[in-house]
Amino acid sequence: MRQVVLTAPKQFEVREVPVPEITETQVLIRVRAVGICGSDIHAYYGEHPFITCPVVLGHEATGEVVKTGKKVENIQPGDRVIYRPQKICGECSLCREGRYNVCKKLEVWGCQDTGASSEYYAVEKELVYKIPDHTGYGEGTIIEPLAVGVHAVKRGVSGVKGKKVWVIGAGTIGNVVAQSAKGLGAAAVMVTDVSDYKLEMAKKCGLDYPVNIKNEDAAQVMREKFGEDGADVVYECSANEKALNQALDIVRKGINIVIVGVYGNRAAVNLANVQDREYSLVGTLMYTEEDYLEAIGLVRGGKVDLKALISKEFPLEQTAEAYQYIEEHKDDVQKVILNVTAQ
Ligand SMILES: [Zn+2]
Ligand SMILES: [Zn+2]
């Protein structure tokens, strides 16, 4: 089968490798679509601190089950599925607490170990989930980032129902955080960014108040739309220190601010305001199975629009072209999908 390897920064190679043999507890998936994620792009540039070449990327992948091991019960050949790319130890204190998304030995398939950029992929049965019938393979890959959104939303508030939510950043993660909040019952969501392309997409996804902060004042719009008390919770998805500091200046005292964006540098943050206004800065990483199932539930119930996020699709063999496209369209590209067709 064909497999795409990132052999060095900005160098992909299509290789011929054997179809993986599955164990009794594994499922063999004929891969149909692989989403390209922000972390893949960092790896592509050789700038990801925890991904080293050579690596087979692909942690957002859907496909069709073609074979199952003897001990696999709930998944059958023909099932349309997505996998959950978490490789955990199951034994550390965090795993025992159920917080295996921050397992002490956490690795991610497609980052620290072989991902799904290939025709077939073998996965442990507990990491495989059926996707809804009406969900295409391409949009289905976005269930993975959507689960990131669901987890983040829950880190910010115990129940988002009826809450007024501010999401900073309208990229894929900002968008799915906002859609998760809305899908889980938020009263209203404001999304800020500087890209009209991404804000237009947010609007298409039914998000209430997309605001371009190049033309509008976030504080003023927030007061207008949310009232004097403003947002009840903030999700910082832009990894932009200025945006975070602006939030610390303008939101009401005592609320939670969830750091979803991946900060490359050490941000200079106004901690005086955190202290004085009793803000809570909260981290969030990946998801658990429960979040995955909730994300699938949101898709099944038609509460989110993942298809709207797809900017462009390429065949797997054109992985290099796909990354080049992303490189050339930084401000007007959202999700790019690689489609896998068997030869
Ligand atoms: Zn990802
Ligand atoms: Zn662990």
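Tutor: Before two helices can be compared, each needs an axis: a line fitted to C-alpha atoms, for helices over the stretch in contact, with angles running from 0 to 180 degrees between N-to-C directions. This is a predicted model, in which local features need pLDDT of at least 70, side-chain atom pairs count only at pLDDT 80 or more, and totals for chains, interfaces and linings use all residues. Residues are numbered from 1 along each chain as its sequence is written, chains are lettered from A and ligands numbered from 1 in the order in which they are written, and side-chain values use heavy atoms, with hydrogens and water left out.

Student: At what angle do H4 and helix H10 pack?

Tutor: Two packed helices are described by the angle between their axes and the distance between the axes. Helices here are DSSP runs of H or I with at least four residues, strands are runs of E with at least two, and both are numbered from the N terminus. For H4 and H10 (residues 289–300) the angle is about 110° and the axes are 8 Å apart. Angles under 35 degrees count as roughly parallel, over 145 as roughly antiparallel, 65 to 115 as roughly perpendicular and the rest as oblique. H4 and H10 are therefore roughly perpendicular.

Student: Which residues of H4 and H10 meet?

Tutor: Contact means heavy atoms within 4.5 Å. On the H4 side the residues include Leu146, Ala147 and Val150, and on the H10 side they include Tyr292, Ile296 and Val299.

Student: At what angle do the axes of H4 and H5 cross?

Tutor: The axes of H4 (residues 143–156) and H5 (residues 172–183) cross at roughly 60° and come within 8 Å. That angle makes H4 oblique to H5. Among the contact residues are Pro145, Gly149 and Val153 of H4, with Ile173, Val177 and Ala181 of H5.

Student: Now the metals. Which residues coordinate the zinc ion (ligand 2)?

Tutor: Donors are N, O and S atoms within 2.8 Å of the metal (3.2 Å for Na, K and Ca), and water is not among the atoms, so sites may look incomplete. The zinc ion (ligand 2) is coordinated through SG atoms of Cys89, Cys92, Cys95 and Cys103, at 2.3 to 2.4 Å. Along the chain these donors follow the spacing C-x2-C-x2-C-x7-C. Cys92 lies in the loop between strand S6 (86–87) and helix H2 (93–96), and Cys103 in the loop between H2 and strand S7 (107–108).

Student: What is the geometry of the site of the zinc ion (ligand 2)?

Tutor: Four donors count as tetrahedral if all angles lie between 85 and 135 degrees. The four donor atoms of ligand 2 give angles of 103 to 118°, and the site is tetrahedral.

Student: Which residues coordinate the zinc ion (ligand 1)?

Tutor: The zinc ion (ligand 1) is coordinated by Cys37 (SG), His59 (NE2) and Glu60 (OE), at 2.1 to 2.7 Å. Their spacing in sequence is C-x21-H-E.

Student: Is Glu60 buried or exposed?

Tutor: Buried means under 20% relative accessible area, exposed over 50%, and partly exposed in between (1.4 Å probe, protein chains only). Glu60 counts as buried, at 1% relative accessibility. Cys37 counts as buried too, at 18%.

Student: Which backbone feature does Glu278 have?

Tutor: Glu278 has a positive phi of about 50°, although it is not a glycine. Glu278 is in the loop between helix H9 (271–276) and strand S15 (280–283), and is exposed, with a relative accessible area of 64%. Met286 also has a positive phi of about 50°, but at 12% relative accessibility Met286 counts as buried.

How values were computed. Tetrahedral: all angles 85-135°; square planar, octahedral: opposite > 155°, others 65-115°.
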